Amino acid sequence: LQYHLELARPTSHLVNIEIVADRVTGPFLDFVLPAWSPGRYAIYDFAKNVQEFEALGAGDRLLPWEKTDKQTWRVETQDAAGEVRVRYKVFANDLNGSFSQFDTSHANLNGASIYMYVAGHKPDPLTLTVEPPPGWKVISGFSLSTNQTSFEAPSYDRLIDTPMEISPDCAIRTFEMNGKTFRIAVH
């Protein structure tokens with residue numbers, strides 16, 4: 001699974017997401033946005049912020065899909081030729097620790113509010129590529145430097161349990177304690 005996150009227009013508050021699944025063999029794939037967030041004991045309606053969902057197969061062939069419940073998009077894969085790409089936008093303008101915010105000063109991204117998972121494939125490893133606005137730094141638990149824009153996650157659960165701060169102006173402080181390195185990012 002390959003995830004691509006594009007932060008193109010901060011004034012729109014819209015985060016662009018693309019997920020690519022290859023070696024698809026079944027008749028359909030369900031793409032699900034969770035109604036929960038790690039460390040939170042509440043049910044959320046993250047799906048209310050999803051816009052412009054579309055599904056494509058090989059050769060950019062549009063694939064039919066239907067919303068089977070408030071958080072699940074079922075994509076028919078008979079014409080996918082082994083690859084399914086879904087694209088959607090998420091409206092992100094709620095800085096509260098569960099949802100996400102993207103504006104002209106920063107993007108604070110809580111993965112559960114923006115990344116769908118492929119049903120039955122949450123344990124699969126994945127890659128995430130981030131395309132920030134020019135000059136913005138990417139900071140997360142996956143980052144080795146603020147210039148890094150490509151990451152590997154061992155599973156979907158690890159992806160959504162690793163929030164990101166992306167901004168042009170962010171201070172990072174590092175210290176070590178008990179043989180562990182800690183990094184603190186302040187926007």
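In which strand is the place of Ile-184? Ile-184 has its place in strand 16.

## Basis of the model

The structure is a predicted model, in which local features need pLDDT of at least 70, side-chain atom pairs count only at pLDDT 80 or more, and totals for chains, interfaces and linings use all residues. Residues are numbered from 1 along each chain as its sequence is written, and side-chain values use heavy atoms, with hydrogens and water left out.

## Nonpolar surface patch

Phe-175, Met-177, Phe-182, Ile-184 and Val-186 make a nonpolar surface patch of about 460 Å². Patch residues have over 30% relative accessible area and no salt bridge, with nonpolar side chains (Val, Leu, Ile, Met, Phe, Trp, Tyr) joined within 5 Å and like charges within 9 Å. Strand 15 (171–177) and strand 16 (180–186) each supply at least two residues of the patch, and the largest share, 3 residues, comes from strand 16. Strands are DSSP runs (E, at least two residues), numbered from the N terminus.

Ile-184 counts as partly exposed because its relative accessibility is 43%. Buried means under 20% relative accessible area, exposed over 50%, and partly exposed in between (1.4 Å probe, protein chains only).

## Salt bridges

The whole structure holds 9 salt bridges, each defined as a side-chain nitrogen of Lys or Arg within 4 Å of a carboxyl oxygen of Asp or Glu. One of them joins the side chains of Glu-18 and Arg-87 (2.9 Å, N to O). Glu-18 lies in strand 2 and Arg-87 in strand 7 (residues 83–91), so this pair ties together parts that are 69 residues apart in sequence. Glu-18 is buried at 19% relative accessibility, whereas Arg-87 is partly exposed at 30%. Arg-87 also meets the side chain of Glu-54 in a salt bridge (3.5 Å, N to O). That pair links strand 4, which holds Glu-54, with strand 7, which holds Arg-87, across 33 residues. Through salt bridges that share partners, Glu-18, Glu-54, Asp-60, Glu-83, Arg-85 and Arg-87 form one network.

Asp-30 and Arg-74 form another salt bridge, with their closest N and O atoms 2.7 Å apart. Asp-30 in strand 3 and Arg-74 in strand 6 (residues 72–76) are 44 residues apart, and the pair links distant parts of the chain. Asp-30 is buried, with a relative accessible area of 13%, while Arg-74 is partly exposed at 27%.

## Residues with positive phi

Most residues other than glycine have a negative phi. His-13, which is not a glycine, has a positive phi of about 65 degrees. His-13 lies in the loop between strand 1 (2–9) and strand 2 and is buried at 18% relative accessibility. Asp-60 likewise has a positive phi, near 60 degrees; Asp-60 is found in the loop between strand 4 (50–56) and strand 5 (65–69) and is partly exposed at 49%.

## Pocket and cavity

On a 1 Å grid over the protein atoms alone, a pocket is an open set of points with protein on both sides within 12 Å along at least five of seven lines, a cavity is a set where a 1.4 Å probe fits but cannot get out, and lining residues have an atom within 4 Å of a point. Strand 2 (14–22) and strand 3 (28–32) each supply at least two residues of the pocket lining.

The largest cavity has a volume of about 30 Å³. Its lining consists of Asn-49, Val-90, Phe-91, Ala-92, Phe-99, Ser-100, Ser-113 and Ile-114.

Key:
Accessible areas come from the Shrake-Rupley method with a 1.4 Å probe; for residues, only the protein chains shown count as cover. Helices (H or I, at least four residues) and strands (E, at least two) are DSSP runs, numbered from the N terminus. Grid points are joined across faces, edges and corners, and a volume is the space filled by probe spheres set on the points.
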